[in-house]
Amino acid sequence: MGRAFEYRKATKLKRWGHMARTFTKIGKQIAIAVKAGGPEPENNPTLRAIIANAKRENMPKDNIERAIKNAMGKDQSEYKTVTYEGYGPHGVAVFVDTLTDNTTRTVADVRSVFNKFNGNLGTTGSLAFLFDHKCVFTFKKKEGLDMDEMILDLIDYGVEDEYDEDEEENSITIYGDPKSFGAIQKHLEDEGFDVVGAEFTYIPNDLKEVTDEQRETIDKMVERLEDFDDVQTVHTNMKP
């Protein structure tokens with residue numbers, strides 16, 4: 001398996017936390033997608049991708065439909081995406097993706113955790129060199145699929161030639177340019193692939209070794225950040 005796949009697999013459970021909190025975060029994503037592109041999944045590719053992720057996280061169909069309906073309400077808050085970055089304890093780089101309707105509240109919450117763990121919240125873009133920003137698609141593998149040919153078809157969309165195969169799930173995961181998210185998704189759907197996951201992520205290109213004791217402290221910081229409803233995902237360059 002590739003570096004990106006192993007990192008995402010090792011950190012997935014930590015990033016999402018408990019089920020109820022996961023559903024709350026997905027509900028916010030649905031709200032933004034509905035506001036931007038409407039409530040009909042067939043006409044809204046972003047919403048289709050989020051629903052695929054929701055199903056992968058075992059979010060009940062009723063919850064998904066309720067979130068879409070709530071997003072259509074007149075009083076629905078307007079959320080925006082904000083990413084915070086800085087150094088946590090022991091020099092570990094930390095990216096915090098949020099969806100918020102109150103940036104003043106959110107930055108105060110995030111900064112309080114960095115301060116509590118003797119970290120430093122930096123300026124936007126200050127740690128970009130430590131991570132590769134990617135869009136990630138996971139889809140069911142078709143019988144007789146020629147991946148070399150498929151990658152050639154997708155190379156114009158910035159898709160990497162390195163991909164990962166999960167034999168247990170009979171799925172393929174590809175990585176590409178975040179700016180091509182919509183184009184990649186459309187191509188996969190037009191070709192009849194069953195997309196079971198689509199997301200944006202940060203893959204560290206310089207993993208930092210830590211001791212077991214240091215890992216415990218960093219894990220506590222990540223968990224504290226994930227306790228906030230505004231926080232969607234937390235990424236670090238700590239070696240899994």
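# Briefing: pocket, sheet and aromatic pairs

Eight bridges join strand S1 to strand S2, and the two strands run antiparallel. The model described here is predicted. Both strands also contribute to the lining of the largest pocket, which has a volume of about 600 Å³.

**Sheet**

- S1 and S2 belong to an open sheet of four strands, with the order S3-S1-S2-S8 and antiparallel pairing.
- Strand S3 (120–121) and S8 stand at the edges with a single partner strand each, so one side of each has no neighbour in the sheet.
- Thr83 has Asp97, in S2, as its bridge partner.

**Largest pocket**

- Which residues lie nearest the centre of the largest pocket? They are Gln29, Thr81, Glu199, Phe200 and Gln232, out of 23 residues that line the pocket.
- Two or more lining residues come from each of helix H2 (19–37), helix H3 (45–56), strand S1 (80–87), strand S2 (93–100), strand S7 (195–204) and strand S8 (231–236).
- H2 gives the largest share of the lining, five residues.
- Sorted by class, the lining has twelve nonpolar, nine polar and two charged residues.

**Helix H3**

- H3, one of the elements that line the pocket, has twelve residues.
- From its first C-alpha to its last, H3 reaches 17 Å, close to the 16 Å expected at 1.5 Å a residue.
- The buried residues in H3 are Leu47, Ala49, Ile50, Ile51, Ala52, Asn53 and Ala54.
- In an α-helix there are 3.6 residues a turn, so residues three or four places apart point the same way.

**Aromatic pairs**

- The structure holds six aromatic pairs.
- In one of them, the ring centres of Phe95 and Tyr202 are 4.5 Å apart; the planes stand at 40°, so this pair counts as tilted.
- Phe95 lies in strand S2 and Tyr202 in strand S7, so the pair ties together parts that are 107 residues apart in sequence.
- Are Phe95 and Tyr202 buried or exposed? Phe95 is buried, and Tyr202 is buried too.
- Phe131 joins Phe95 and Tyr202 in a cluster linked by ring pairs.

Key: Residues are numbered from 1 along each chain as its sequence is written. This is a predicted model: local features need pLDDT of at least 70, side-chain atom pairs count only at pLDDT 80 or more; totals for chains, interfaces and linings use all residues. Side-chain values use heavy atoms; hydrogens and water are left out. On a 1 Å grid over the protein atoms alone, a cavity is a set of points where a 1.4 Å probe fits but cannot get out, and a pocket is an open set with protein on both sides within 12 Å along at least five of seven lines; lining residues have an atom within 4 Å of a point. Grid points are joined across faces, edges and corners, and a volume is the space filled by probe spheres set on the points. Ala, Val, Leu, Ile, Met, Phe, Trp, Tyr, Cys and Pro count as nonpolar, Asp, Glu, Lys and Arg as charged, and the others, Gly among them, as polar. The expected span of a helix is 1.5 Å times one less than its number of residues. Buried means under 20% relative accessible area, exposed over 50%, partly exposed in between (1.4 Å probe, protein chains only). Two strands pair if DSSP finds at least two bridges between them. Rings of Phe, Tyr and Trp (its six-membered ring) pair if their centres lie within 6.5 Å; planes under 30 degrees apart count as stacked, over 60 as edge-to-face and the rest as tilted.
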